[in-house]
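Subject: Structure handover

Hello,

Here is the structure I promised to pass on. Please open it before reading further.

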Amino acid sequence: MSKRETAWFEKPDRFDPGLIREMKRFRDIGGREDEDVIPVIVKLNREADPSRHQDAIDLCKSSSCNRYGGELGLVGGIYGKISPKTIRDLMDHEGVYKIYHDREVRAFLDIATKSVGVTDVRVQEGLTGKGVTIAVVDTGIHPHDDLMKPDPRIVAFEDLVHGRKEPYDDQGHGTHCAGDAAGNGYQSEGLYAGPAPEAELVGVKVLDKDGSGQLSTVIKGVDWCVENKEKYGIRILSLSLGAPAFESYRDDPLAQAVEAAWHRGIVVLAAAGNEGPIPGTISTPGLDPLILTVGAADDRNTPDDSDDIKASYSSRGPTIDLLVKPDVYAPGTNIISLSVPDSPLERQLPENRVGEHYINLSGTSMATPFCAGVVALLLEANPQLSPNDVKSILMSTARKMAGDQAGYLRVGKAVDLAKEYLSIRKVSV
């Protein structure tokens with residue numbers, strides 16, 4: 001029995017599994033290797049001479065059909081749409097480390113604030129997230145009254161999809177997420193407020209009106225947040241989006257980008273994904289062991305957390321590296337938050353609308369910004385906390401959930417421990 005001949009692109013040491021799969025699909029549909037293009041991310045070889053990097057970039061620009069996108073500083077790479085012929089030329093280039101398919105990324109509060117103790121913290125401690133900035137990397141942020149009144153709290157907006165200057169959201173997902181974290185309930189007399197109603201927000205639009213985008217655009221969004229961290233005081237990065245994970249976080253470009261942000265002092269939170277209850281379904285960038293990966297819980301519409309359970313749809317670990325994820329669970333089921341008038345989300349889910357200004361959604365997409373709002377409370381209570389401190393505090397104070405190593409947020413205990421960190425630091429000084 002003869003062995004099947006291996007195609008030139010079936011080299012996992014040079015191409016990620018996603019690109020190999022895409023190249024097979026390209027071949028099966030009869031794509032033209034020197035005329036058609038595939039979106040890719042090219043990670044450059046850090047040990048190579050910079051002249052070889054430039055040579056690789058020039059190759060990406062060499063054909064009239066190629067569309068060079070630009071650099072991705074956090075991962076040491078470039079991106080664009082290039083022909084399989086050019087990909088083949090880059091395959092053994094000494095300036096190239098690996099080539100990845102620039103695949104699609106998709107977007108994955110009433111009782112909730114009570115069930116994990118946010119309301120008690122707000123009343124007893126007076127914490128509201130004031131002085132903390134959360135960056136929401138998503139479909140954009142609509143200037144909803146709950147974010148703009150009595151004082152506007154969207155302090156910056158970066159549109160990497162259409163290049164518009166003023167805040168907007170042509171899908172609705174990002175606005176809901178912003179409210180999950182920091183809505184103040186202006187249009188509901190405080191009823192549908194997020195955990196951090198006085199936190200400031202930065203909107204980074206990386207997903208389009210269909211709630212989808214490319215890995216490279218999300219990486220550019222993370223890069224922008226790092227570059228503008230000091231300018232806008234960005235302490236938290238909330239990513240309610242993801243893509244299927246094909247390889248180790250060590251080689252995954254989006255995971256490497258969020259790791260770089262973490263090392264630069266930004267608390268990064270990523271959604272686990274909505275592929276549960278199947279095990280092994282944690283998406284990227286949530287597969288990265290360093291950042292805070294958030295799963296969704298169902299609070300069963302009661303203020304008491306004793307009956308709260310893991311949501312059936314919440315993705316389960318282990319990761320592709322056989323690591324435990326998610327790190328914590330937060331309310332994510334039937335979360336009422338901000339809506340964008342006549343948005344695709346409202347048209348798709350008219351039955352979920354709650355009055356004129358709100359909409360009810362479920363998913364780890366909701367749990368992640370909710371947790372981001374809780375992080376803002378911790379950083380308000382103790383601004384000296386590092387990302388590692390925040391993760392350790394949330395995980396160590398969480399309530400145990402049956403059948404899982406990750407626990408359910410307990411905000412009061414987390415705030416107490418954050419303040420204890422501060423007192424210990426003062427004593428040591």
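Below is what I found, from the whole chain down to single residues.

Note that this is a predicted model.

Overall build

The chain has 14 helices and 20 strands. How does its radius of gyration compare with that of a compact globule? With 429 residues, such a globule would come out near 22 Å, and the chain has 22 Å, so the two agree. The C-alpha trace spans about 70 × 50 × 50 Å along its principal axes.

Surface and charge

Of the 429 residues, 59% are buried. The chain carries 49 positive and 64 negative charges. Their mean positions lie 3 Å apart.

Nonpolar cores

The largest nonpolar core holds 97 residues. Which of them touch the most other members? They are Leu 237 and Leu 394. Helix H12, residues 364-381, gives the most to this core, with 12 residues. There is also a second, separate core of 22 residues. Its members include Ala 7, Phe 15, Ile 20 and Met 23.

Leu 237 deserves a look in the viewer. Leaving aside neighbours within four places in sequence, its contacts include Ala 135, Val 137, Val 222 and Cys 225. Ala 261 is another contact of Leu 237, and so is the run Ile 266, Val 267, Val 268 and Leu 269.

His 144

Find His 144 in the loop between strand E6 (133-138) and helix H6 (145-148). Is this residue buried or exposed? His 144 counts as buried, because its relative accessibility is 4% and the cut-off for buried is under 20%. Not counting residues up to four places away in sequence, His 144 touches Gln 187, Leu 338, Ser 339 and His 357.

Asp 298

Asp 298 sits in strand E13, which covers residues 292-298. Its relative accessibility is 21%, so Asp 298 counts as partly exposed. Partly exposed here means between the buried limit of 20% and the exposed limit of 50%. Which residues does Asp 298 touch, not counting those up to four places away in sequence? They are Asp 308, Ile 309, Ala 311 and Thr 333. Asp 298 also pairs up in space with Gly 332: the C-alpha atoms are 6.4 Å apart, while the two residues are 34 apart in sequence.

Best wishes

Technical notes:
Residues numbered from 1 in each chain as written. Predicted model: local features only at pLDDT ≥ 70, side-chain atom pairs only at ≥ 80, totals over all residues. Heavy atoms only, no water. Helix = DSSP H or I, 4+ residues; strand = E, 2+ residues; numbered from the N terminus. Rg over C-alpha atoms; globule rule 2.2 N^0.38 Å. Buried < 20%, exposed > 50% of the residue type's maximum accessible area, 1.4 Å probe, protein only. Lys, Arg positive; Asp, Glu negative; His and termini not counted. Charge placed at Lys NZ, Arg CZ, Asp CG, Glu CD. Contact = heavy atoms within 4.5 Å. Core = buried A, V, L, I, M, F, W, Y, C linked by side-chain atoms within 4.5 Å.
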